[in-house]
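Trainee: I would like to learn how to read charges and aromatic rings in a model such as this one. Could we go through it step by step?

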Amino acid sequence: MSDERWGEFQEETPKAWAQALYTESSTQKARLGSIRRLNDGREFVYVQQAANIGSGLLCQAAVADVANLGNLAVTANANVGDRQISFTLGASNLANVQNEFAEGWIHDSTINGSDWTAYKVKGHAAIAANANGTFDLFDKIRANLTTSSKVTITKNKCKKVIVAPTTLTGAIIGVTVMPMTANYYGWIQKKGECAVAINGTANDGDGLVAEGGVAGYAGPSTANDLSMLIGTCMVNNADNGAALVDLDI
């Protein structure tokens, strides 16, 4: 029998979210990267999935297109207090889409620069490959950029996340808690008790890492891979099963 004194697990700081926790949506209903904390210690982050995915699987940020989005030439001075940066895009096949990089980042990546800064992107018009474009920013420019400066643009790490490959190519974001559909939005878990697919036998108390040898699976840690720790095994499980993990991503 449940203890009525406590009721349901609820938000640590109650908030009226537009999208329920264990649902998905074809339209975005929260800021990417929004954090949702429950009063039992679990924590979830709002993402968009790149492809169909099952539950209990690790997700990482999409692979950065450094070749086409890195060290781009600034085309107009951007002075302290401005809220725009103009640049020439590379040959990106993701370029000609309005707001493709909204909620992402643009940072000063000038070689031998001295005032490297990063700014959150508010929005932009569609930009063709190899064409000039302008990003509107949430932030004000804090250090002047000139036409000698270079900038690099990066999507929000929670936009079109992918199943974590066997060799990571981006930051680990969280674990799916329900099957999700390609290009849909929803919540994945990053802290607290969660069922996670495991490759290899994990014993109670083992640290678990993201590169488990199977895409989306965690695995027992070794002395050489502690930088990829995603949590601690709470319940011993057999190879290729799901363990209950205390996530800490």
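This is a predicted model: local features need pLDDT of at least 70, side-chain atom pairs count only at pLDDT 80 or more; totals for chains, interfaces and linings use all residues.

Trainee: What does the accessible surface of the protein chain come to, and what part of it belongs to carbon and sulfur atoms?
Mentor: The accessible surface is about 12,400 Å², with 50% of it belonging to carbon and sulfur atoms, while buried residues account for 43% of the 249 residues in the chain.

Trainee: How many helices and strands are there in the protein chain?
Mentor: The chain contains 1 helix and 17 strands; among its contacts with a separation of 6 or more, 65% are between residues 24 or more positions apart.

Trainee: Let us turn to the rings. What describes a pair of aromatic rings?
Mentor: Such a pair is described by the distance between the ring centres and the angle between the ring planes. The count for this model comes to 6 aromatic pairs. One of them is formed by Tyr 22 and Phe 44, with 6.3 Å from centre to centre and 85° between the planes, and this pair is edge-to-face because the angle is over 60 degrees. Tyr 22 is in the segment before β1 (24-25) and Phe 44 is in strand β3 (residues 43-48), so that the pair links distant parts of the chain, 22 residues apart.

Trainee: Which parts of the chain does the pair of Tyr 46 and Trp 187 tie together?
Mentor: Tyr 46 lies in strand β3 and Trp 187 in strand β13 (residues 185-197), so this pair ties together parts that are 141 residues apart in sequence. Its geometry is edge-to-face, with 5.0 Å between the centres and 65° between the planes, and both Tyr 46 and Trp 187 are buried.

Trainee: Which residues form an aromatic cluster, and which residue lies over the face of Trp 187?
Mentor: Trp 17, Tyr 46, Tyr 185 and Trp 187 form one aromatic cluster. Over the face of Trp 187 lies Arg 36, at 5.1 Å from the ring centre.

Conventions: Residues are numbered from 1 along each chain as its sequence is written. Side-chain values use heavy atoms; hydrogens and water are left out. Rings of Phe, Tyr and Trp (its six-membered ring) pair if their centres lie within 6.5 Å; planes under 30 degrees apart count as stacked, over 60 as edge-to-face and the rest as tilted. Helices (H or I, at least four residues) and strands (E, at least two) are DSSP runs, numbered from the N terminus. Buried means under 20% relative accessible area, exposed over 50%, partly exposed in between (1.4 Å probe, protein chains only). A charge sits over a ring if NZ of Lys or CZ of Arg is within 6 Å of the ring centre and within 35 degrees of the ring normal. Contact means heavy atoms within 4.5 Å. Accessible areas come from the Shrake-Rupley method with a 1.4 Å probe; for residues, only the protein chains shown count as cover.
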